[in-house]
Amino acid sequence: MFEPDEVADVLRRAADQGVGVVLTPATGGDDLDRCIVLADEHPGSVWAAVGVHPHEASSLDGELKGRVERALARPGVVAVGEIGLDYHYMNSPREDQLRALAWQLDLALEHDLPVVLHNRESWTDLAAELETRCGALRGVCHSFTEGPAEVAAVLGMGLLVGISGMVTFKQADNIRRMARAVDIDHLLVETDSPFLAPVPFRGRRNEPSYVPYVGARVAEEHAASATELAERSTANFRRLFRLEGGSSDRGEG
Ligand SMILES: [Zn+2]
């Protein structure tokens with residue numbers, strides 16, 4: 001996350017590139033309050049998702065559950081996230097990750113909020129959890145890296161697909177193939193900041209002002225104009241997180 005004294009500059013650089021709305025997801029107890037404060041301090045331009053990332057799943061005790069639940073009542077909080085499964089790092093045991101995911105998916109349903117979903121080498125288990133709640137659940141599989149079959153499953157469950165800066169990476173033909181499999185009305189473009197900065201910023205700290213580079217590449221894959229892609233993905237963002245108005249903004253998660 002950005003240092004407090006950088007935030008105004010980060011948002012200004014983003015606005016200069018046409019990115020008028022930012023979603024900042026929490027990962028757990030350590031950054032939950034910061035996300036809420038950021039949304040409070042920048043009403044209408046920063047929105048927060050609160051949740052416990054699979055890396056932190058083992059920390060989800062009664063106290064943290066209470067903090068997450070209370071945060072959902074805040075006006076700037078529009079989603080439960082980032083939640084999901086990560087079997088690549090396995091920073092929390094699988095059972096803890098599954099328990100935290102199930103609790104947070106049910107919490108999102110109870111509060112009628114969308115979810116921001118993380119997945120790494122865990123698709124089969126994640127899909128099983130999603131399928132049992134299919135139909136009622138809204139959300140986005142962020143920074144998606146699975147193949148066209150999994151894209152079809154995500155879309156079939158009524159969820160959106162988030163496409164990150166990886167789509168610009170030279171070797172990432174698999175991500176571009178995946179991006180082409182998602183129709184424009186069911187995708188979001190995102191930073192996954194501070195990670196995955198798109199070409200030509202690859203290797204640097206990612207930030208919201210770079211997201212148009214992701215959008216431009218996705219547009220190219222769909223033979224659409226960058227403007228059209230920006231407008232339609234922004235509309236998807238506003239629809240998913242139930243934000244009002246604004247057509248020139250760009251969403252990112
Ligand atoms: Zn993630």
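Reply: A salt bridge is a side-chain nitrogen of Lys or Arg within 4 Å of a carboxyl oxygen of Asp or Glu. This is a predicted model, in which local features need pLDDT of at least 70 and side-chain atom pairs count only at pLDDT 80 or more, while totals for chains, interfaces and linings use all residues. Residues are numbered from 1 along each chain as its sequence is written, and side-chain values use heavy atoms, with hydrogens and water left out.

Me: How many salt bridges does the count come to by this rule?
Reply: Side chains of opposite charge can pair when their charged atoms come close. Applying the 4 Å rule, the count of salt bridges comes to 16.

Me: Which side chain meets Asp33 in a salt bridge?
Reply: The N to O distance in this salt bridge is 3.0 Å. Asp33 lies in helix 2 (residues 32-41) and its partner in helix 3 (residues 62-71), so the pair ties together parts that are 34 residues apart in sequence; helices (H or I, at least four residues) and strands (E, at least two) are DSSP runs, numbered from the N terminus. The side chain that meets Asp33 is that of Arg67.

Me: Is Arg99 buried or exposed?
Reply: Arg99 forms a salt bridge with Asp96, with the closest N and O atoms 3.1 Å apart, and the two are 3 residues apart in helix 4 (residues 94-111), separated by about one helical turn. Buried means under 20% relative accessible area, exposed over 50%, and partly exposed in between (1.4 Å probe, protein chains only). Because its relative accessible area is 54%, Arg99 is exposed.

Me: Which residue forms a salt bridge with Arg242?
Reply: The closest N and O atoms of this salt bridge are 3.0 Å apart. Arg242 lies in the segment after helix 9 (226-241) and its partner in the loop between helix 4 and strand 4, so the pair ties together parts that are 130 residues apart in sequence. The partner is Asp112.

Me: Which residues are the protein donors of the zinc ion?
Reply: Donors are N, O and S atoms within 2.8 Å of the metal (3.2 Å for Na, K and Ca), and water is not among the atoms, so sites may look incomplete. In sequence the donor residues of the zinc ion are spaced E-x35-H-x23-H. The protein donors lie 1.9 to 2.1 Å from the zinc ion, and they are Glu82 (OE), His118 (ND1) and His142 (NE2).

Me: Which backbone oxygen lies 3.3 Å from a polar atom of the side chain of Asn206?
Reply: Asn206 lies in the loop between strand 7 (187-189) and helix 8 (211-221), and Asn206 is buried, with a relative accessible area of 1%. Contact means heavy atoms within 4.5 Å, and the residues that Asn206 touches, not counting residues up to four places away in sequence, include Phe2, Thr191 and Pro198. The backbone oxygen at 3.3 Å belongs to Leu196.

Me: What percentage of the 253 residues of the chain count as buried?
Reply: The chain has 9 helices and 7 strands. Its C-alpha atoms fill a box of roughly 45 × 40 × 35 Å, taken along the principal axes. Of the 253 residues, the share that counts as buried is 56%.

Methods: Polar contact = N/O pair within 3.5 Å; in protein donor to acceptor, adjacent residues only side chain to side chain.
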